[in-house]
Amino acid sequence: MNPTASPYRIITVCTGNICRSPMAEFMLTDALRAAGLGEVAVVDSAGTTNYEVGRPIDPRAARVLDGHGLRAAVHVARQFERAWFIERELILALDVDHYGHLRQSAPAGTEDKIRMLRAFDPEVAQLDHLDQGIEDPWFGDQSDFELTWKLIAAAVPGIVAHVRGELAFRDQQLAGA
């Protein structure tokens, strides 16, 4: 991997940026670091709405992360910004409404960056994107946050493999330039 190239940038997106997307952000960051890609791939998160802007991660989400050995760093919810369609290489929607909102808002030529996070889970990758969502655990109890962890975790290896392939392709392009 070419350390002088700009990092491969991923953003995870849910509704308010306090449950699903920060969980995915921390889980992916940890997995990329474990795969030796922490210096060349970075992850952040945002919400499609401004409902929770400025708030920390939901304590139930933080508890699940902590229970799996991931300390949730300081997190402040924020809303997705239009410029990020250009600045990010991969935009991961956590549910179908986020996917639809992002696809509808995307500037021409950036739509292909938007994917359902669970499209990288081999168990559901072949399904229509409408069947790849992760429901909002905010309305449930702690078991809903554990389910969210499991659904995100199933997609993480596929995302890491995708990033590794994209970085290798980018390095090939840079070497040939």
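Which residue forms a salt bridge with D121, and how far apart are the closest N and O atoms?

Author: Happy to take you through it, with one reminder: this is a predicted model. The partner of D121 is R118, and their closest N and O atoms are 3.7 Å apart. Both D121 and R118 are buried. In general, side chains of opposite charge can pair when their charged atoms come close.

Have a look at D44 next. D44 forms a salt bridge with R78, with 2.5 Å between the closest N and O atoms. This pair links distant parts of the chain: D44 sits in strand 2, while R78 is in the loop between helix 2 and helix 3, 34 residues apart.

Through shared partners, salt bridges join D44, R78, E87 and R88 into one network.

Now for the nonpolar surroundings. The largest nonpolar core has 38 residues, and M23, L117, I152, I159 and V163 have the most contacts inside it. Among the elements that give two or more residues to this core are strand 2 (41-47) and strand 3 (90-93). Helix 5 provides the largest share of the core, ten residues. Leaving out residues up to four places away in sequence, I152 touches R20, M23, A24, M27, L94, L117 and I134. A second, separate core of 14 residues includes I11, I91, A106 and I114.

R20 leads on to the largest pocket, as R20 is one of the residues that line it, along with others including N17, E52, D136 and W138. This pocket has a volume of about 150 Å³, and its lining divides into six nonpolar, three polar and three charged residues.

N17 is placed in the loop between strand 1 and helix 1, and its phi is near 70 degrees, a positive value in a residue other than glycine. Most residues other than glycine have a negative phi. N17 is also buried, with a relative accessible area of 0%.

Conventions: Residues are numbered from 1 along each chain as its sequence is written. This is a predicted model: local features need pLDDT of at least 70, side-chain atom pairs count only at pLDDT 80 or more; totals for chains, interfaces and linings use all residues. Side-chain values use heavy atoms; hydrogens and water are left out. A nonpolar core is a set of buried Ala, Val, Leu, Ile, Met, Phe, Trp, Tyr and Cys residues joined through side-chain atoms within 4.5 Å. Buried means under 20% relative accessible area, exposed over 50%, partly exposed in between (1.4 Å probe, protein chains only). Helices (H or I, at least four residues) and strands (E, at least two) are DSSP runs, numbered from the N terminus. Contact means heavy atoms within 4.5 Å. On a 1 Å grid over the protein atoms alone, a cavity is a set of points where a 1.4 Å probe fits but cannot get out, and a pocket is an open set with protein on both sides within 12 Å along at least five of seven lines; lining residues have an atom within 4 Å of a point. Grid points are joined across faces, edges and corners, and a volume is the space filled by probe spheres set on the points. Ala, Val, Leu, Ile, Met, Phe, Trp, Tyr, Cys and Pro count as nonpolar, Asp, Glu, Lys and Arg as charged, and the others, Gly among them, as polar. A salt bridge is a side-chain nitrogen of Lys or Arg within 4 Å of a carboxyl oxygen of Asp or Glu.
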